[in-house]
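Biologist: I would like to learn how to read a few local features in a model. Could we go through them together?

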Amino acid sequence: MSVKLWQGDICQLPVDAIVNAANTGLLGGGGVDGAIHAAAGPELDKACRPLAPCPAGEARLTPGFRLPAKFIIHTVGPVWHGGQQGEEELLRQAYHSSLALAAEQGFESVAFPLISGGVYGYPKREAIRVALEELRHFAAAQQKPSELTLVLYDAESYELALSVEAQRETFADRYRRWNDFMCQNLTFNFAESQIHTTAHCARVLFHALLLGEARELADDELEALAAASVFHDTRRLDDHRDVGHGARAAQYYQEYCSAHALKLDPRTVQMMAFHDQPDEDGYAFIEADPALRDHHGRLLYQIFKDSDGLDRLRIGSWALDTKQLRSELSLSLLPFAQELIDLGPEALLKKYKNLSGKELFEKVSRPGIRS
C-alpha cells in the first residue's frame, strides 16, 4: 500500500473517496469544505443534513455527486487552541475514523486534505506530521485502501510536506540515541547478570525499531517501543523468570519520567508491565483501556514481546520456541537475530550503512521461514 503527496485541487481527483475537512454541521464553510460543497452541487447539502452533527474526530459518508470521486468522507478536525486541549489526539482520531470508514466500505483509493491545517489554525508543519504518521501507519497495517494521497493545495504547503517527510530521524540515529540514553542514564538492579544485560536490551531495541519501521509506525509509536526496550529489564532481581520484574520496570519508567519531566507513554507502561505475563493478560488490559486499544497498543505489545523473544537465541537455539512469535515478520528475522547477536548492532549499522529501517528489514528478512 502506498502513501503519496500531491499538489493541487482535491476536487479534481477521480478516486473512490475524497475526505472533506468539514465543520460539525456538515453544511459547508470556508476552505476545502466550501470548495467540495460547491463542486459536488446542491445534492450534497441535502445528503449531509440528516448526518449532522458530526463531532470532532468522527466521520460520515455521502456520495460524491458531481465530483469525479465516487464518495465523500466528511470528518471534523480540531480547532487549534494552543495544543493543550487534546488537539493532536482529535486530529489523529479524525484521520483514523476516516480511514476506518474507507476500509469498511472497501475503497481502494482515498485522498485527504490537510485536516485542520487551514482556517482551524493547526500549525501546518505539525498537521502534516500527524497526517503522514497516521496514513503511513494505516497503510502498513491494512490491505485497503491500497492508495492513500495527502493533497496539499498550494506549492508552499507541498514543499513544506516534502521537507517534513525528509526530516524524519533515521533508523540508525534513533537506535543510537536510545542506546546512549540507556547506557548513560539508567541503572540496572541486577548489574552482574550475564544474560539480561544492556547488550540484550540494545538488541531488543534494534529488533523493535526494525519491526516498527517495517510496519511504518508513527514516530510516537517507535518512541514507545524504544522506551520499553531500554527499560524492560532494569529492575530484574535474578536471571530466572522473576515474575514481576516487568511491573517493577514500568514503575521505574514512570518515576524516571516524573523526575526528569519527560512525557510518559501509557503504551510503554503496558508493554513493560505485561511483558513477563501471558499474552491474554496483556491483551485484556489493552482492551479495557481505550487509550491503549485505540492507539495500536496490541500491535506494539506484540512487536515488543517478539523483539524480546528473538534475542532468546543469545541463550541458545533451544531457548526460543518459534511458535510463540506473533507475526510472519518476526519469524522472518530469525537468521538476522543470530547475526545481530554474533556481530552486534554497531557492526551491522556499518555493514548496512544509510539504509532506513524498512530498507534494512527488506534486506535481512527471510520470508517463508517456518518453525
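Predicted model: local features only at pLDDT ≥ 70, side-chain atom pairs only at ≥ 80, totals over all residues.

Biologist: Let's start with Asp 242: is Asp 242 buried or exposed?

Modeller: Burial is judged by relative accessible area, and under 20% counts as buried. Asp 242 has a relative accessible area of 12%, so it is buried. You will find Asp 242 in the loop between H8 and helix H9 (245–259).

Biologist: What is the phi of Asp 242?

Modeller: Phi of Asp 242 is near 45°, a positive value, and the residue is not a glycine. Leu 26 is another non-glycine residue with a positive phi, here about 60°. Leu 26 sits in the loop between strand S2 (17–21) and helix H1 (31–40). Its relative accessibility is 0%, so Leu 26 counts as buried.

Biologist: Now peptide bonds. Is the one from Ala 52 to Pro 53 cis or trans?

Modeller: Omega is the angle to look at. For the bond from Ala 52 to Pro 53, omega is near 0° and the bond is cis. Pro 53 belongs to the loop between helix H2 (42–48) and strand S3 (59–63).

Biologist: Let's turn to side-chain contacts. Which side chain does the side chain of Glu 216 make a polar contact with?

Modeller: Its partner is the side chain of Lys 358, at 2.4 Å. Glu 216 is in the loop that runs between helix H7 (198–214) and helix H8 (219–231). With 17% relative accessibility, against a limit of under 20%, Glu 216 counts as buried.

Biologist: And helix packing? At what angle do H8 and helix H13 pack?

Modeller: The general idea is that two packed helices are described by the angle between their axes and the distance between the axes. In this case H8 packs against H13 (residues 297–310) at about 40°, and the axes are 10 Å apart. An angle under 35 degrees would count as roughly parallel, while 65 to 115 would be roughly perpendicular. H8 and H13 are therefore oblique to each other. The crossing of H8 past H13 is right-handed.

Biologist: Which residues in H8 and H13 meet there?

Modeller: From H8 come Glu 221, Ala 224, Leu 225, Ala 228 and Ser 229, and these meet Leu 300, Ile 303 and Phe 304 of H13. Sorted by class, this contact has six nonpolar residues, one polar and one charged.

Methods. Residues numbered from 1 in each chain as written. Heavy atoms only, no water. Helix = DSSP H or I, 4+ residues; strand = E, 2+ residues; numbered from the N terminus. Buried < 20%, exposed > 50% of the residue type's maximum accessible area, 1.4 Å probe, protein only. Polar contact = N/O pair within 3.5 Å; in protein donor to acceptor, adjacent residues only side chain to side chain. Axes fitted to C-alpha atoms, helices over the stretch in contact; angles between N-to-C directions. Parallel < 35°, antiparallel > 145°, perpendicular 65-115°, else oblique. Left-handed = near helix turned anticlockwise from the far one by under 90°. Contact = heavy atoms within 4.5 Å. Nonpolar A, V, L, I, M, F, W, Y, C, P; charged D, E, K, R; others polar.
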